[in-house]
Amino acid sequence: MMYGRSYETEDYVLTEEQIRSFHDEGCVTLPDVLTEHEVSEIEKVFENFLNREIHVPGKDFCDMSKPFGTPFESWSIVNCMLPTRYHPPFQNNIFERITSKIVKQIHPNLDMVKDYDQLLNKRPGKSDAVFAWHQDMGYWPAPEVLGVKETNTCTFSLAIDDSTEENGCLRYVPGSQISRTLRQHTPLSGSRDEGHALKLEVDESKGDMIKLAPCKRGGVTVHDEWVVHGSSGNMCKDRQRRTCKFAILYLIKCHCCHELSS
């Protein structure tokens, strides 16, 4: 069997080791998911959002590292939520199509659908462009709130730029997702009304091991909804760190639940 990207069928075939890494560690890096041409096409739309040529209202366009109301010129992490909603031609792009095939290999017995999409940019030389340690489930509604037994989510992050330790690549605590337990989160800015971000404590003296997940342009990281993760600031004066994200969700319904849409 040929592993990796098939350019004729838009498939990306995972190895057994890659699938095992996702389930054991909560994160896996997949190289060369998109071609240079495909990344460039997504990059054009990305830049239109960053330049505010495509309007995104309210808090769906904000800085993930600072309080709401910070002037745009002072932002460190530009966060654009739901780009496919605000720019419909971006829907069903090549990244979205390929991730829908990859997720079926990670969870072959689950019927998963896209939950949301997001664009992120760590601006050059922004040491405070930090994603504090967190679990995605700290931001998302608990299964009981959704009226379901449990959820499963894979978040796919496409590297538009090479993602390295210097410009703030993803870092995570391997295996922290296995217990499916939510750690204590607190607001980064004092309250959720002041800023969007949450944080939790990672303690290596208590067994937390930190692992970096660098990723080349066109590659993708995939992480679980429960894994503890974050990233440091961008120490590079001349390099952005732009990421396109898709979260793909499955709701395991109780027998008494009504049908829910994502």
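Reader: Why does Cys 154 count as buried?

Author: Buried means under 20% relative accessible area, exposed means over 50%, and partly exposed lies in between, with a 1.4 Å probe and the protein chains only. Cys 154 has 0% relative accessibility, so it counts as buried. The structure is a predicted model, in which local features need pLDDT of at least 70, side-chain atom pairs count only at pLDDT 80 or more, and totals for chains, interfaces and linings use all residues. Residues are numbered from 1 along each chain as its sequence is written, and side-chain values use heavy atoms, with hydrogens and water left out.

Reader: How many disulfides does the structure hold, and how do you know that Cys 80 is in no disulfide?

Author: The structure holds zero disulfides. For Cys 80, the nearest cysteine sulfur is that of Cys 62, 9.5 Å away. Cys 154 is in no disulfide either; its nearest cysteine sulfur belongs to Cys 27 and is 11 Å away. Cys 80, with a relative accessible area of 1%, is buried.

Reader: What makes Leu 82 buried and Arg 52 partly exposed?

Author: Leu 82 has 15% relative accessibility, which is under 20%, so it counts as buried. Arg 52, at 48%, falls between 20% and 50%, so it counts as partly exposed. Leu 82 sits in the loop between β5 and α3, and Arg 52 sits in the loop between α2 (36–50) and β4 (61–63). Helices (H or I, at least four residues) and strands (E, at least two) are DSSP runs, numbered from the N terminus.

Reader: What is phi in Leu 82 and in Arg 52?

Author: Phi is near 55 degrees in Leu 82, a positive value in a residue other than glycine. In Arg 52, also a residue other than glycine, phi is positive and near 65 degrees.

Reader: How do you know that the buried residues of α1 line one face of the helix?

Author: Helix α1 (residues 16–25) has Gln 18, Ser 21 and Phe 22 as its buried residues. Seen down the axis of α1, these fall within an arc of 100 degrees, so they line one face of the helix. The arc is that of the directions from the helix axis to the C-beta atoms. An α-helix has 3.6 residues a turn, so residues three or four places apart point the same way. On the other side of α1, Glu 16 and Glu 17 are exposed.

Reader: What covers the buried residues of α1, and which residue follows α1?

Author: The cover includes β2 (11–13), β3 (27–30), α4 (94–106), β8 and β13, where contact means heavy atoms within 4.5 Å. Gly 26 follows α1, and its phi is positive, near 90 degrees.

Reader: What makes a space a cavity or a pocket?

Author: Both are found on a 1 Å grid over the protein atoms alone. In a cavity a 1.4 Å probe fits but cannot get out, whereas a pocket is an open set with protein on both sides within 12 Å along at least five of seven lines. Lining residues have an atom within 4 Å of a point. Grid points are joined across faces, edges and corners, and a volume is the space filled by probe spheres set on the points. The largest pocket holds about 970 Å³ of space. It has 46 lining residues, of which Met 81, Tyr 116, Gln 118, Tyr 139 and Trp 140 are the closest to its centre. Strand β6 gives the most to this lining, with eight residues.

Reader: How many cavities are counted, and which residues line the second largest cavity?

Author: The count comes to two cavities of 30 Å³ or more. The largest cavity has a volume of about 60 Å³, and its largest lining share, three residues, comes from β8. The second largest cavity, at about 40 Å³, is lined by Met 64, Val 130, Phe 131, Ala 132, His 134, Tyr 139, Leu 188, Ala 197 and Leu 198.

Reader: How does the lining of the second largest cavity divide by class?

Author: Ala, Val, Leu, Ile, Met, Phe, Trp, Tyr, Cys and Pro count as nonpolar, Asp, Glu, Lys and Arg as charged, and the others, Gly among them, as polar. By this rule the lining of the second largest cavity has eight nonpolar, one polar and no charged residues. The lining of the largest cavity has five nonpolar, four polar and one charged.

Note on methods: A disulfide is a pair of cysteine sulfur atoms within 2.5 Å.
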